Every structure is written in C-alpha cells, then in structure tokens.
Amino acid sequence: MTITTPDTLLTDADLQRRAALRRMKVLATALLVVAAVVFAVAFGLQDQYPWLGYVRAAAEGAMVGALADWFAVTALFRHPLGLRIPHTAIIPNRKDEIGVSLGEFVEQNFLSDEVVRSKLATFSIADRLGTWLADPKNAERASAEGAVVAQGVLRFLSDADVERLIERLARTHLFDREWAPTIGRVGAELVAAGQQRAVVDALVEATETWLTEHPDALGEVVSTRLPRWVPGFAKGLADERAHKELIGVLRAVRDDPEHPLRVAIDGYLVDLTERLQHDPAMAERVEEIKASLLESERMRTFAGRVWEAVKATLTSALADPASELRVGAASALVDVGVRLSADRALSAKIDAWIADAAGYAVQKYRHDLASVISETVQRWDARETTQKIELQVGRDLQFIRINGTVVGAIAGLAIYAIATGVHAVVG
C-alpha cells in the first residue's frame with residue numbers, strides 16, 4: 001500500500017502517521033517473508049528431520065493467515081495487485097455511500113434532543129461562563145474580542161446602504177405621521193409640567209449676558225427713530241437708557257417666576273399646543289413645513305452626517321482600550337459574570353434556555369447538520385479520501401496482518417498436530 005499524497009498536503013501529524021504506517025507495513029511484510037523462508041527450509045528438510053513437519057505446518061499457516069489478511073486490508077483501499085476482483089477497493093468505490101451512512105449514524109446517535117440535553121445537564125454553562133467573566137482579565141479579553149468583531153462589522157457595512165436605511169427609517173417613523181397633533185400633545189405635557197420655564201430662564205440669561213458684554217449691541221435703534229430736532233446728546237442718552245431698560249426687564253423676568261412676560265409666554269405656548277392639536281389650519285401649515293423638509297436634499301445630507309458621526313465615534317471608541325465604551329463593556333461583563341455566579345436561580349434559567357434552544361436547533365436542523373458530513377465526503381476525491389482514511393487507520397490495520405500471521409501459525413501447527421495424532425492412533 002503506497003501513499004502518494006504530496007508532502008505539501010500533509011500536516012505534521014499526517015507525516016508522523018505515514019512514517020508509523022510504513023514501519024508497520026515493513027514489519028508485517030517481514031513476518032510474511034520469514035514465514036515463507038521457514039516454510040521453504042522446513043519443506044525441503046522434513047523428510048530427513050520429521051519434526052520439521054510441525055515447523056512447516058506452522059509456517060504454512062502463518063503464510064496463509066498473512067496473505068489472507070493482506071488481501072483483506074488491501075481490499076479496503078485498492079484492488080490487490082491491480083486485479084479488479086469483486087468487492088475490493090471498497091472505500092474509493094463506496095465513498096459516497098460511506099459518507100451517507102456516516103451522516104445518518106451521527107444524526108441518529110449524536111444529534112438527538114436526548115443526547116444534547118443529557119450532555120448539557122452534566123454541567124452548567126451559565127455558571128462556567130459567569131466564573132470566567134467574573135475575572136476582569138477575561139472580561140477585558142471578551143470586550144477586546146467583541147471590539148474587533150464590531151470593527152469588522154463597521155468596515156463591512158456599506159456607507160451608502162446605512163445612509164439609505166437611516167433616511168428610510170426617518171421617513172417611516174418621522175414623516176409618515178402627522179406632526180402637529182404629536183407636537184401639540186408633547187408640548188402640552190411639557191408646559192403643564194413647567195418644563196418651558198428652564199428654557200425661558202436659559203434664553204433670558206443668555207440674552208442678558210450678551211447685552212451686558214456688548215453695550216453697543218442696540219446701536220442707534222432708538223435714536224434713529226427720534227425727531228431730527230432732538231439734540232444729539234439726547235439721542236445718545238435715549239439709546240443708553242433703552243439698553244439699560246432692556247437689561248432691567250430681562251433681570252426682572254429672570255428673578256420673578258410670575259412676571260407678566262413669563263405669564264404671557266406660558267399663555268402663548270398653551271394656546272399654541274391647543275392649536276397644534278385641534279386647528280386644521282395650523283396642522284396644514286406644519287405638514288407643509290414637513291413636506292418641504294422631506295423633498296429637500298437635507299434629509300440625505302442629514303442621514304450621511306449622522307452615520308458619519310456615529311461611525312467615527314464608534315471606530316475611535318472600539319480601537320481605544322481606555323475608551324468609555326470598552327471600559328464600560330468590560331465592567332458590564334464582570335457584573336454579568338458575578339451575577340451569574342451568585343444567582344443560582346438566574347443560572348438555572350439560562351441553562352434551561354440554552355438546553356431548550358439547543359434541543360430546538362437539533363430537532364429542526366439535525367438532518368441539515370448531518371448532511372454536511374455526507375456532502376463533504378461526496379465532494380472529496382476518491383483517491384484523496386482513501387489516502388486520508390488509510391493514514392488515520394492504516395497503522396492499526398497492519399496489526400491485523402501481524403495477528404493473522406501469528407494466529408495462522410498457531411492454527412497451522414494445531415491442525416497438523418491434531419491430524420498427525422489422529423493418523424497415529426488410527427494407523
């Protein structure tokens with residue numbers, strides 16, 4: 001049996017198996033040669049030395065056993081001596097059938113709900129996972145591996161596809177519904193809760209600060225509206241007075257929660273939220289604004305900028321081990337591990353869920369999983385398949401030849417001894 005697999009296709013383990021196979025083949029063949037030599041010598045001298053008949057019989061039995069087992073072992077992989085004897089070269093000729101049988105065997109004996117559940121019942125996946133994740137080093141490793149996967153996903157995603165998805169989602173969830181009633185209801189709830197006061201405070205403070213830092217901001221807004229006969233210095237005083245009065249009004253609004261201007265703003269907002277909810281004319285105006293936004297290129301630009309910002313932020317955070325995202329993910333994994341290790345009820349629920357999921361997957365896809373074996377074997381080249389199998393089991397099969405030689409010698413000796421004894425008794 002000659003192995004012709006190129007060395008470039010063999011792993012180190014395959015090379016070791018090939019060397020071991022060759023040694024066993026040499027040993028088995030050497031025993032056959034020894035038996036033949038012993039047989040020839042004993043056969044030629046047994047007339048002079050009758051006791052050599054026993055040696056001849058043993059050697060003859062050894063040769064018969066060795067040749068028979070050589071034929072049997074060889075017939076598994078190829079045609080002995082190149083002769084196309086029926087039921088030889090079994091593996092290359094029945095490769096596809098062997099693959100189907102192997103797939104069926106795995107499906108029936110390994111891919112069953114009972115086998116999977118019984119195996120999972122021997123240990124707790126949740127407990128082992130919890131113990132592993134509770135170690136901060138393992139959590140950081142899991143976080144790092146997850147970051148690598150996430151970066152790969154980001155690189156794999158098409159920017160144009162994501163932008164179209166964002167735009168489509170925005171159109172579906174933001175533009176398909178009427179804006180006015182929703183804005184009105186949300187606005188009414190915010191006004192009722194007094195949330196608008198914080199916004200007013202912020203606007204008033206920002207305006208006051210800006211006017212204080214820019215005393216010439218109003219310019220000649222007041223003086224330019226005074227009669228021409230008013231002296232110039234009076235116009236300047238009027239502008240300065242207007243600036244101070246405006247700042248005073250802003251301070252009064254800031255300090256007085258019940259200032260008339262605040263009350264007026266609150267009343268306006270209440271009226272506006274009511275109109276948004278119930279005034280068809282207002283609703284129509286809002287829909288016109290929405291339509292103008294929908295038809296403009298701003299939506300595509302907005303989607304592109306959103307995705308660009310999100311992608312850049314995620315890429316930077318995923319690549320930095322010290323980023324809040326990576327650190328937070330590792331910390332969260334540690335917390336999950338500690339909880340899984342401490343909460344037996346939670347671990348039991350997760351184990352039950354895993355068992356149910358595995359059982360369902362096995363029941364639904366067991367045939368598909370098993371078919372991978374048969375389809376893979378069918379795709380293999382018959383010669384390569386024979387060589388692969390021979391490298392795996394060929395060394396053990398050579399023991400059959402050796403055992404056949406030894407058993408044949410014992411059987412030949414026993415048969416000859418019994419026949420000689422019977423002949424002596426009868427004769």
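The legends below describe close-up views of a predicted model.

**View 1. Helix α1 and its buried residues.** Helix α1 covers residues 12–45. Its 34 residues should span 50 Å at 1.5 Å a residue, and the end C-alpha atoms are 50 Å apart, which agrees. The buried residues of α1 are D14, R18, A20, L21, M24, K25, A28, L32, A35 and A42. Among the elements that cover them are α2 (52–77) and α17 (382–426).

View 2. Three aromatic pairs are found in a search of the whole structure. In one of them, F39 and F43 have ring centres 5.7 Å apart and planes at 25 degrees; planes under 30 degrees apart count as stacked, so this pair is stacked. F39 and F43 are four residues apart in helix α1, which places about one helical turn between them. An α-helix has 3.6 residues a turn, so residues three or four places apart point the same way. F39 is partly exposed, with a relative accessibility of 21%.

**View 3. An edge-to-face pair, F105 and F110.** The rings of F105 and F110 form an aromatic pair with 5.9 Å from centre to centre and 70 degrees between the planes, an edge-to-face arrangement. F105 counts as partly exposed, at 45% relative accessibility. F110 also counts as partly exposed, at 46%.

**View 4. The largest nonpolar core.** Seven residues make up this core: V106, L111, V116, L120, A355, V362 and A370. Two elements, α5 (113–120) and α16 (344–379), each give two or more residues to the core. The most come from α16, which gives three. V362 touches L111, S112, D113 and V116, leaving aside residues up to four places away in sequence. A second, separate core has six residues, including V200, L211, I247 and V253.

**View 5. S347 in helix α16.** S347 lies in α16. This serine is buried, with a relative accessible area of 3%. Residues up to four places away in sequence aside, S347 touches A126 and L340.

**View 6. A lysine over a tyrosine ring.** K364 lies over the face of Y365. The distance from K364 to the ring centre is 5.9 Å.

View 7. Helix α12 runs over residues 260–278 and has 19 residues. From its first C-alpha to its last, α12 reaches 27 Å, close to the 27 Å expected at 1.5 Å a residue. R262, D266, T273 and L276 are buried in this helix. Seen down the axis of α12, the buried residues fall within an arc of 90 degrees, so they line one face of the helix. P260, Y268 and H278, on the other side of α12, are exposed.

**View 8. N403 and D69.** N403 is found in helix α17. With a relative accessible area of 44%, N403 is partly exposed. N403 and D69 are 334 residues apart along the chain, and their C-alpha atoms are separated by 8.8 Å.

Note on methods: Residues are numbered from 1 along each chain as its sequence is written. This is a predicted model: local features need pLDDT of at least 70, side-chain atom pairs count only at pLDDT 80 or more; totals for chains, interfaces and linings use all residues. Side-chain values use heavy atoms; hydrogens and water are left out. Rings of Phe, Tyr and Trp (its six-membered ring) pair if their centres lie within 6.5 Å; planes under 30 degrees apart count as stacked, over 60 as edge-to-face and the rest as tilted. Buried means under 20% relative accessible area, exposed over 50%, partly exposed in between (1.4 Å probe, protein chains only). A charge sits over a ring if NZ of Lys or CZ of Arg is within 6 Å of the ring centre and within 35 degrees of the ring normal. A nonpolar core is a set of buried Ala, Val, Leu, Ile, Met, Phe, Trp, Tyr and Cys residues joined through side-chain atoms within 4.5 Å. Contact means heavy atoms within 4.5 Å. The expected span of a helix is 1.5 Å times one less than its number of residues. The arc is that of the directions from the helix axis to the C-beta atoms.
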